[in-house]
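Visitor: Hi! I'm new to this one, could you walk me through it?
Guide: Happy to, let's have a look together.

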Amino acid sequence: MSWTLLGHNGQPFPSEVRGSLGGHRHSRIYGRLDCRAALRAIAAGGYVKHRVFFLDEASAIAAGYRPCAVCLPEAYRRWRATRSE
């Protein structure tokens, strides 16, 4: 099976390895695949067509995404601290 992931440059590429993180293309937020906030949005039907996947956190950050405050609170706090400097 093949998956489409976003790379460091924000461009999609085929991968034989499933991504470990999901994200939302418009809000530019990434998080765990089991994130309760993302799953709630998916259940509401407004999220799926804008969903993207990343192999790892480094790829998500390099592509310009920020961590989810719900499922990645420590990473979000670190990201937020860099924004206020």
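Visitor: Let's start with R77. How exposed is it?
Guide: R77 is partly exposed, with a relative accessible area of 48%. Here buried means under 20% relative accessible area, exposed over 50%, and partly exposed in between, using a 1.4 Å probe and protein chains only. This is a predicted model, where local features need pLDDT of at least 70, side-chain atom pairs count only at pLDDT 80 or more, and totals for chains, interfaces and linings use all residues. Residues are numbered from 1 along each chain as its sequence is written, and side-chain values use heavy atoms, leaving out hydrogens and water.

Visitor: Which side chain does R77 meet in a salt bridge?
Guide: That of E74, at 2.6 Å from N to O. A salt bridge is a side-chain nitrogen of Lys or Arg within 4 Å of a carboxyl oxygen of Asp or Glu. E74 is partly exposed too, at 46% relative accessibility.

Visitor: And where do E74 and R77 sit?
Guide: In helix α3 (residues 73–83), three residues apart, so about one helical turn separates them. Helices (H or I, at least four residues) and strands (E, at least two) are DSSP runs, numbered from the N terminus.

Visitor: How many salt bridges are there in the whole structure?
Guide: A search finds two. R32 and D34 form a salt bridge, with their closest N and O atoms 2.8 Å apart. R32 is partly exposed at 39%, and D34 is partly exposed at 47%.

Visitor: Switching topic: how many disulfides?
Guide: Zero, in a search of the whole structure. The cut-off for a disulfide is a pair of cysteine sulfur atoms within 2.5 Å.

Visitor: Are C68 and C71 buried or exposed?
Guide: C68 counts as buried at 10% relative accessibility, and C71 counts as buried at 8%.

Visitor: What about β1, what does it pair with?
Guide: Strand β1 (residues 3–6) runs antiparallel to strand β2 (residues 12–15), joined by four bridges. Two strands pair if DSSP finds at least two bridges between them. L5 has F13 in β2 as its bridge partner. The hairpin has five residues between the strands, and G10 takes a positive phi near 80° there.

Visitor: Last one: where is confidence lowest?
Guide: In β1, at a mean of 87, while strand β6 (residues 66–67) is highest at 98. The protein averages a pLDDT of 92, and 98% of the residues score at least 70. pLDDT is the predictor's confidence in each residue, from 0 to 100.
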